[in-house]
Amino acid sequence: MMRIVTFIVFAFMLVAQSAQAQLDKSNKPLLKIGLTAGLNLAQMRVGSADMKQYAEKPRPGFQVGPTLAFYKPSGIGFDLSALYDQRGAQASYDSKVNVKYQTVQVPLNIRYGVNLGNMIAPYIFVGPQFAFNVGRKERYLATGIGRSTGHTMIRKWEAQSTAVSMNFGIGLLAMDKVQARFCYNLQLTKNGWFSQYDTVTGVTAKMYVGRLNSFQVAVTYFFN
């Protein structure tokens, strides 16, 4: 994973230097490369009280990775990131029973900022975010005996390979170097399934969709 992050950071720096040379004739920093780090607190949404018990409590997570931003302190811009993201939830009755969702998240946010005295620039942003699973696909949650079959049954979480969500948030840019943001990440597609596996027949029944919406706080430091 560190090799992947290092490669992405290096690639973003090359793009930023090349593009800034073309777009920034006045030497005013419009295109920037930086590093983002933050925390997220996810809440599992699932349409079954029976399954919700396995992921009812929010579990703190984090995100980190490179960010490329093109903006004007006053006006419209965008930012693009590639973030390693870890989020999840835990069972209401046992913290060792949990759902963990590890992905590379690629948000593309459209932003609008207002410059206040060349020192700080508050902004709002919105945009889609694309997730690619890089962690374990399955996590076992509980084992029991089926009521109708008498077979040993395993309940588990199966993570989706990809997912799509939407960001809504506000931020503050200081001296064109540091930005802080607060974001709500709303899932548009499922993050995975709660399913049940019959150890005798080998059949897995997908039962309920799970979505991990998340509140996020992050800080970005721009190198250029």
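In which sense do strand E7 and E8 pair, and over how many bridges? Strand E7 (residues 138-145) and E8 pair in the antiparallel sense, over seven bridges. The views below show this pairing and other parts of the structure.

This is a predicted model, in which local features need pLDDT of at least 70 and side-chain atom pairs count only at pLDDT 80 or more, while totals for chains, interfaces and linings use all residues. Residues are numbered from 1 along each chain as its sequence is written, and side-chain values use heavy atoms, with hydrogens and water left out.

View 1. Strands (E, at least two residues) are DSSP runs, numbered from the N terminus. Two strands pair if DSSP finds at least two bridges between them. Buried means under 20% relative accessible area, exposed over 50%, and partly exposed in between (1.4 Å probe, protein chains only).

**View 2. Asn167 in strand E9.** Asn167 is a residue of strand E9, and with a relative accessibility of 2% it counts as buried. Its side chain makes a polar contact of 2.9 Å with the side chain of Gln129, and a polar contact of 3.4 Å joins it to the side chain of Asn109. A polar contact is a pair of N or O atoms within 3.5 Å; within protein, one must be able to donate a hydrogen and the other to accept it, and residues adjacent in sequence count only if both atoms are side-chain atoms. Leaving aside residues up to four places away in sequence, Asn167 touches several residues, including Pro107, Phe125, Cys183 and Gln216. Contact means heavy atoms within 4.5 Å.

**View 3. Met175 and Asp176 in the loop between E9 and E10.** Met175 lies in the loop between strand E9 (162-174) and strand E10 (178-187), and Asp176 is found in the loop between E9 and E10. Most residues other than glycine have a negative phi. Met175 is not a glycine, yet its phi is positive, near 55°. Asp176, also not a glycine, has a positive phi of about 60°. Met175 counts as exposed, at 52% relative accessibility, whereas Asp176 is partly exposed, with a relative accessible area of 22%.

Note on methods. Helices (H or I, at least four residues) and strands (E, at least two) are DSSP runs, numbered from the N terminus.
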